[in-house]
Amino acid sequence: MKINLNIAVRELVEHTLRSGDLGFEFLGPSRALDAIRAHQKIQKSRPEHYIAEVPVAYQHETEHFILTIGGRVDGVYDLYGQDKTGRVTIEEIKTTTRELSYYDQEDNPLHWGQAKSYGYLYAIENGLDDLDIQLTYYQLDSGETRHFKRRFATTALKIFFEDLVAQYLKWAYTLSQWHQLRDKSTRQLEFPYDTYRPGQRRMAVEVYRTIQNHDQLLVQAATGIGKTMAAIFPALKTLPETFSPKIFYLTARTTGRTVAEKALDLLRSKGLKVKSLSLTAKDKICFNPDSTCTADECDYARGHYDRVNDALDHIFQRDAFTRSEIEEVSRAFKVCPFEFSLDLSLYSDFIVCDYNYAFDPKVYLRRFFLEANGFYTFLIDEAHNLVDRSREMFSAEIRKQMFLDVRWAVRHELPHVYKSLGRINSWLVKARKKCQENGGSQSEKAPPAELYPLLRLFLKITERWLSKNIKTTFRERLLELYFAVSGFMRVAEEYDEGYATCFESFDKDLRVKLFCIDPSAQLKQAMKRCEAAVFFSATMTPAAYFKKIFGCKQSARHLILPSPFPPENLRIFLSVNASTLYRQRDRTAPEVTRTLLALVQQKRGNYFLFFPSYEYMLMIHKVFVSESPQTATILQKPQMTEPEKEAFLEAFSQENPETLVGFTVMGGIFGEGIDLLGERLCGAAIVGVGLPGISSERELIREHFANTNGLGFEYAYQYPGINRVLQAAGRVIRSENDRGVVLLIGQRYSTVRYRSLLPNEWRTVSVLDKNQLERELERFWGR
């Protein structure tokens with residue numbers, strides 16, 4: 001049976017004929033619009049017998065394929081019957097920011113390849129023996145045009161075109177052979193373990209059905225279910241059924257990527273054949289981070305396209321395109337690793353990447369998601385993180401000092417930019433004065449509409465200069481400011497009732513932030529980029545809250561799966577006498593400390609104590625060490641480096657001769673995504689109910705949802721807080737052999753409002769004082 005393939009002329013030419021350097025021709029958002037207008041301007045200027053946007057298509061059949069190639073010719077001068085010469089000219093229009101003299105000296109093989117391909121398709125459709133092909137360049141700044149016309153015999157175009165097709169079909173044959181091998185392996189693939197864990201099979205079945213039905217699913221699955229495999233295994237099983245041609249595994253942390261890679265490796269050891277790509281951010285994988293992406297400054301940009309297809313052929317012999325594999329092959333073939341990884345994404349079955357590659361309006365993968373209604377599957381790992389991450393992605397800010405720094409740098413060489421930045425600074429000075437009059441911080445529901453025209457003018461003027469690619473000492477700073485303003489304006493276009501404008505002054509500086517209070521509308525729109533989405537996490541309580549924030553369909557279902565481990569291995573204690581309210585913390589600090597000491601002194605071992613803030617953590621730590629100086633403690637520090645984080649965790653060894661107590665912050669780097677198995681962690685205390693600190697942004701969230709659904713406090717504080725609590729508690733039991741205790745401290749745990757949000761399978765024991773806690777601990781550990 002022959003395989004049907006469809007490809008656009010442009011894609012065919014770019015894959016086959018690309019050569020030379022990885023170029024950087026600056027084209028901002030307005031330039032794209034300018035290019036469209038330039039096309040239209042040229043087309044409208046042509047004579048009556050000129051036909052614009054002429055569709056062409058061609059079907060090429062081989063032993064294995066039926067290849068359909070199509071596209072639109074920018075314009076055709078069809079003079080048959082209207083001119084004695086009877087000549088036909090097809091026109092390909094290209095816009096550029098380069099000087100037009102550049103094209104006098106150098107042919108662009110991609111431009112001519114595209115024009116010649118269109119010429120051949122038009123010639124065979126219309127029975128022409130020959131025709132003229134005109135390549136027209138339009139300079140976006142000057143409006144000048146340059147025409148290059150050549151005459152081609154159809155026989156010559158046929159030879160050229162069939163060579164393109166032959167080269168492409170060689171690669172297509174490689175892909176088709178791979179897809180057949182992949183599909184056969186996924187059909188035969190069995191679950192990689194002898195048995196499913198309790199709840200794991202149910203989750204796998206629901207994931208498969210969700211993808212099959214092009215729907216959405218929210219899964220709260222306790223630690224130990226095996227969420228990663230329960231999501232990946234059924235998703236892969238859908239590939240040969242064509243429910244989805246590509247799977248995106250979206251994660252918020254490096255640890256999530258590592259777990260997904262390990263799951264894929266395990267499945268490969270059981271016979272799976274699948275091409276997976278781990279996509280790494282450009283600033284992390286770049287070999288020359290201090291250089292621009294030009295042939296003049298980077299050896300990996302110079303001649304990149306001459307070698308990239310060979311690099312593709314080489315790496316395609318492997319199945320796991322991890323960061324290390326990409327770096328190794330990129331160095332060997334001397335290609336840009338980031339651009340190489342983007343090329344690989346086109347041919348990968350399974351892509352592991354950060355949330356922002358699917359959702360962030362500034363960096364999402366346009367090659368897949370530029371148009372909505374994609375046929376993809378999203379597996380969204382640790383989805384509880386998407387709430388705050390989406391607010392970050394859909395918000396934007398600028399600072400007054402950014403503009404002043406660049407204005408000073410360009411004052412001599414770019415007077416128009418200098419003047420534009422002066423107008424913006426004047427507006428910001430007035431806004432700062434108003435902000436300071438209101439105590440240094442204020443917010444408004446209305447957008448800063450008067451600022452927008454000033455920023456748009458800056459972008460327009462700056463684009464003209466940046467497009468010339470002139471190397472100066474201030475270029476990078478100006479480019480950085482351009483992107484910051486461009487991102488700000490992109491968010492401004494989405495500004496609605498779910499936004500607020502926040503002003504905050506710092507000495508002479510001012511921050512203006514377009515803050516996304518409610519990301520549900522943007523996430524709902526972003527979800528149109530996939531056919532099916534599965535959100536999964538150990539903590540998504542309550543489900544209705546997450547369903548609302550994620551902008552889910554009405555048909556979206558949710559599934560709650562309890563812990564698969566023996567319930568008697570975990571004991572939850574509620575100490576509800578001491579208040580952890582902010583205004584009472586000084587008074588109750590001694591009582592809270594005595595309760596914590598009772599927890600850690602009953603059994604030698606390693607403990608984590610979680611607090612809602614660094615300030616509270618340090619307060620209790622001071623009392624703790626004065627009460628028990630012999631107990632070893634270690635404190636989480638703000639903004640710890642990766643080596644510091646690793647050293648912190650390595651201190652929690654099973655061989656520790658004495659008790660070690662770690663003081664940490666809820667919602668921080670040790671609050672989720674870490675595994676301390678067995679005796680590496682035998683207990684945890686969670687002080688308070690995890691409420692985020694009061695801030696102007698949190699108050700905006702509270703006010704917004706109080707007005708829209710009457711759940712302001714819940715959406716701003718309570719629900720985010722309880723998910724921090726549940727994540728922290730989940731550090732204790734990580735395997736079926738672990739035993740441990742969790743102590744929740746705070747009067748609010750005695751109320752239905754909070755206890756109703758705790759997992760149903762938790763066996764909670766309320767303790768009135770430290771003496772009762774000590775007795776209960778002795779009973780638990782003595783078993």
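Mentor: Here is a walk through the cavities, with a helix pair to finish.

Keep in mind that this is a predicted model. It holds 4 cavities of 30 Å³ or more. The largest cavity has about 120 Å³ of space, and 14 residues line it. Closest to its centre you'll find Cys286, Cys293, Cys298, Tyr300 and Cys336. Sort the whole lining by class and you get 10 nonpolar residues, 3 polar and 1 charged.

Now for the second largest cavity, which has about 60 Å³ of space. Its lining is made of Glu261, Leu264, Asp265, Arg268, Ser276, Leu277, Ser278, Ala320, Thr322 and Val352. Two elements each give two or more residues to that lining: helix 8 (254-269) and strand 9 (276-278). Helix 8 has the largest share, with 4 residues. By class, the lining of the second largest cavity splits into 4 nonpolar, 3 polar and 3 charged residues.

While you have the model open, turn to helix 17 (residues 415-437) and helix 18 (residues 452-466). Their axes lie 9 Å apart, and the helices pack at an angle of about 165°. Since the cut-off for roughly antiparallel is over 145 degrees, helix 17 therefore counts as roughly antiparallel to helix 18. The crossing of the two is left-handed. On the helix 17 side, the contact uses His416, Val417, Ser420, Leu421, Arg423, Ile424 and Trp427; helix 18 brings Leu454, Leu455, Leu457, Phe458, Ile461 and Thr462. Taken by class, this contact has 9 nonpolar, 3 polar and 1 charged residues.

How values were computed
Residues numbered from 1 in each chain as written. Predicted model: local features only at pLDDT ≥ 70, side-chain atom pairs only at ≥ 80, totals over all residues. Heavy atoms only, no water. 1 Å grid on protein atoms, 1.4 Å probe; cavity = no way out; pocket = protein on both sides within 12 Å on 5 of 7 lines; lining within 4 Å. Points joined across faces, edges and corners; volume = space filled by probe spheres on them. Nonpolar A, V, L, I, M, F, W, Y, C, P; charged D, E, K, R; others polar. Axes fitted to C-alpha atoms, helices over the stretch in contact; angles between N-to-C directions. Parallel < 35°, antiparallel > 145°, perpendicular 65-115°, else oblique. Left-handed = near helix turned anticlockwise from the far one by under 90°. Contact = heavy atoms within 4.5 Å.
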